[in-house]
Structures are given as C-alpha cells and as structure tokens.
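Grab a pencil and have a look at the structure below. Then try the exercises before you read the solutions.

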Amino acid sequence: MLPYFPPAYSDELLYSLLARFHRHVGETSPKRTLDALFGNRSVRAGVLLQGHLQALSERLPPHRELTPERLLADSTLTPYLTAFQPADVRLAVRNALFLGHAEWITVRLGLAASRVQRATALRYCPACRSEMLVRYGELYWRRDHQLPGVTVCPEHGVRLQDSTVCPGAIGQHSFIAADEDNCPKVSSDAQDDASIPWMVAKRCARLLRSPPPPMSLREWGERYHHELRQRGFGKGDDRIDQRRLSRDFASWSGEPEMSGTETWLAAMARKHRKAFHPLQHVLLGLFLDAHAPVVEDAPFGRGPWPCRNPLAEHYGQPVVQLAGTHHEGGKLIGQFSCSCGYVFSLAAVPGSKPRILDLGPLFRQRLRQLVGEGAGLRTTARALDVEPGTVRRHAERLGLDAPWTPLKPRPHVPRSPRGCLPPAAPARPGVQEGFAGA
Ligand SMILES: [Zn+2]
Ligand SMILES: [Zn+2]
C-alpha cells in the first residue's frame with residue numbers, strides 16, 4: 001500500500017498522475033516506480049490507455065476510493081475511444097485494462113487503421129499552462145489535450161502545442177511529468193468561438209465526461225442514415241445522395257471535398273457495420289446539428305429531440321418535446337422545450353439555426369454562483385458555454401453585482417406570450433449568441 005499518492009488535478013491524465021508521483025517521491029529509477037505502483041516492473045506506461053488498473057488500484061490509499069472503474073472513467077481516454085462502441089466491446093476493453101495490457105485495444109477499435117493522425121508528443125495548451133502555474137504551482141498533462149483528432153484546447157480554443165515528451169521514443173516503462181522545460185512558454189491566439197476545430201474539441205471533451213449509452217454498429221449506421229434522409233440527403237426509397245452529402249460536408253467543414261465512394265463519410269452514411277474513429281462520429285454529429293431536419297409529414301423530424309443545454313446532465317439525450325408551432329415570416333417555426341428549462345425555436349427549413357429562447361434555471365443558478373465567487377467575464381462565459389455578451393446581459397437582468405463594467409442601457413423589449421419576440425425585434429437579449437458550442 002502506498003502511503004502517499006498525489007491528488008489529481010482537474011481532468012488530469014492517469015499517466016500524468018503517475019509521473020507526478022514518481023517526481024514527488026524523489027524516485028530516480030522508473031522500474032522501482034513501476035514496482036511501487038503496480039507491483040510489477042514489466043508494466044508499460046500508457047498515455048491514452050493504461051493497463052493493470054486493478055493492481056494499481058489495490059496499492060493506492062483506500063480513502064481515495066480510486067477504484068479501477070473510477071481510474072478508467074476519470075483519468076484515461078477510454079470514454080472517448082469507446083464512445084461509439086457497442087456494450088460488448090466496451091466490456092472487453094474494460095476487462096483488458098483492469099487486468100492486462102492496453103496495446104491491442106487501439107487496433108481492435110479500428111483507431112490504428114484510421115487516417116486520423118495520432119500525436120507522437122504529449123501536448124499542452126499555452127493558456128492552460130499559465131493557469132496551472134498560478135493555481136497549482138506545477139504543470140500536468142490534461143486528458144482533453146491528448147484526444148486523437150483534437151487540435152485546440154476545448155477550454156481556450158488555443159492551438160495545442162507539442163511538448164518535447166514523445167512517449168514512443170523514451171521507452172515504455174517511464175512516466176514523464178509535464179514541467180516548464182518540456183512544455184516551453186509560447187504565445188498563442190484563441191480561435192473564433194464557432195470555429196470547427198473548437199466545436200470538435202468541446203464535443204470530444206464532453207465525450208470523456210458523458211459518453212452516449214452503448215449502441216451497436218448497426219444501430220449507429222441506421223441512425224445516421226435516417227438522420228441524413230431527414231435532412232434532405234435521401235435519394236430514391238432508401239439511399240443517400242452521396243454526391244450532395246460530400247459537397248455539403250465540404251462546404252460546411254471548409255475542407256476539400258473527399259472524392260470517391262470509399263470515403264469514411266460515404267461509408268458512415270451507408271448503414272455502416274464497421275467501427276469509425278470517434279472524431280469521424282463527432283464531425284458527422286456536428287454536421288447533422290448544423291442542418292435542421294425536414295420531413296414532409298413531420299417538419300422537424302421525429303421527437304423526442306436531443307437536449308441542447310450544455311449545463312444539463314442529460315445533454316444530448318433525446319428528452320426534448322415540441323411545445324408548439326407558429327408561422328413567422330412565411331416559415332413554420334417550432335418551439336422546443338426541455339424538462340431542464342431550456343427552450344429554443346427552429347424554423348422548418350434546411351440549415352435553420354436554433355434560436356435560444358430561455359437558457360433555463362441551471363444557467364441562472366450557475367451564473368449567480370460564478371458571479372458570487374468573483375469569476376471574471378471570460379471565465380464565466382466559458383464555464384457557461386456562451387458568449388461574454390450573453391453573460392453580461394443576464395447578470396444585469398438578474399441584478400447581480402458583477403465585477404465587470406456594466407452595459408449601456410438599452411430599450412426594454414417585451415416578450416410575446418409564447419416566449420418568442422415579435423419578428424421585427426432586432427436583438428433578442430441572450431438568445432442567438434448563446435448557442436456557441438452547444
Ligand atoms: Zn487551455
Ligand atoms: Zn434539457
């Protein structure tokens with residue numbers, strides 16, 4: 001039993017925690033550290049996944065309650081890597097990581113064969129680096145900076161940097177902690193909030209914390225096929241207009257159009273029965289979200305619809321109901337409301353963007369709390385997943401004593417009984433801009 005084990009920092013990778021243990025106890029031999037942690041000198045140090053979690057868990061101080069399940073879910077990349085895998089594969093991965101080696105898993109999950117580039121170095125975010133030094137006095141490797149396919153920090157939107165630590169090159173039996181030398185200070189600019197790399201990073205990071213319930217590969221295939229047809233990508237009775245899909249996907253993503261019928265996108269649209277990289281699921285999911293479903297007899301598709309409230313536990317789960325419809329400017333508008341209090345409207349036309357009508361009590365509660373804690377405007381906006389302007393307006397409306405400068409007064413615009421504003425109203429306080437990243 002280990003008398004000491006460092007406390008885990010926010011979203012810290014297990015590899016990082018073990019590396020900090022090695023450093024804090026002043027051990028010089030990586031083999032002795034493996035012995036202390038696992039009781040086995042031949043265990044391999046894993047960055048994305050770590051094996052032998054059972055043996056590790058048994059040696060950790062019991063009051064920390066770091067069970068193999070918790071280690072797996074909270075500090076490895078497993079929830080992301082298996083997010084779109086069926087229950088039996090998830091179970092096999094879990095068993096393998098509890099008792100044995102992790103190396104075969106990326107091959108089994110189809111990640112090794114995928115074209116998605118794998119980082120060779122451990123990565124860090126320059127903005128997180130500064131915050132870590134202020135808050136903890138040391139650096140650590142964050143899980144959501146190591147996600148294959150993610151290129152920016154989900155929190156700051158800043159491009160991730162390669163550290164000088166390349167686990168493949170330093171041997172498989174040592175854990176290297178992040179420090180100010182291997183993560184040199186660099187300046188970096190934030191992305192624009194709605195940029196695709198940032199949306200991808202946020203959604204991938206969310207998969208770490210709340211992966212979807214397991215579904216079979218056939219169920220995923222049928223779901224995508226159905227959702228694409230709902231969005232007007234159908235052809236004939238049961239097929240997909242692959243050419244249109246590929247063209248629209250390219251214009252949405254800003255990437256060159258993929259050619260041929262054997263692209264991952266074409267394969268995913270074809271009721272696929274093979275595994276795809278989580279990044280590809282995330283990209284297709286974002287693409288589908290950017291296109292409103294249109295079906296003749298069900299103009300908004302079939303409900304219930306996924307919750308779009310990033311603060312709700314059931315985010316992404318199909319729990320939202322259609323509360324009513326009306327016409328506005330010749331378009332059919334549906335108003336959707338969720339049990340968490342989040343309300344949005346959507347026009348029944350392809351590509352319609354949701355308008356948020358009410359961010360709900362969770363938002364107000366969290367806003368009150370953050371302002372009470374003295375959080376800054378940008379930090380608050382990040383924590384709530386909205387634009388700073390939305391935070392300002394809501395803080396003002398709630399009469400909160402916020403530390404930032406107040407807005408100039410603006411005329412009061414009354415709400416209509418439906419909760420929607422009349423179509424002529426230009427600005428909808430805290431509405432359109434509140435949707436970034438959701
Ligand atoms: Zn960051
Ligand atoms: Zn909800």
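Residues are numbered from 1 along each chain as its sequence is written, with chains lettered from A and ligands numbered from 1 in the order in which they are written. The model is predicted, so local features need pLDDT of at least 70 and side-chain atom pairs count only at pLDDT 80 or more, while totals for chains, interfaces and linings use all residues.

**Exercise 1.** Work out how helix α14 runs relative to helix α15.

*Solution.* Start with the axes, which are lines fitted to C-alpha atoms over the stretch in contact, with angles from 0 to 180 degrees between N-to-C directions. Those of α14 (residues 361-372) and α15 (residues 377-384) come within 10 Å and cross at roughly 150°. That makes the two helices roughly antiparallel (the label for angles over 145 degrees).

**Exercise 2.** Find the edge strands of the open sheet of 5 strands.

*Solution.* First, write down the order: β5-β6-β7-β8-β9, with antiparallel pairing (two strands pair if DSSP finds at least two bridges between them). Next, look for strands that pair on one side only: these are β5 (305-306) and β9 (355-358).

**Exercise 3.** Decide how many of the 11 residues of helix α1 are buried.

*Solution.* A residue is buried if 20 or more other C-beta atoms, placed from the backbone, lie within 10 Å of its own. In α1 (residues 14-24), 9 residues pass, among them Leu14, Tyr15 and Phe21. Their cover includes α2 (30-38) and α4 (68-75).

Key: Helix = DSSP H or I, 4+ residues; strand = E, 2+ residues; numbered from the N terminus. Parallel < 35°, antiparallel > 145°, perpendicular 65-115°, else oblique. Buried ≥ 20, exposed ≤ 12 C-beta atoms within 10 Å, placed from the backbone. Contact = placed C-beta atoms within 7 Å.
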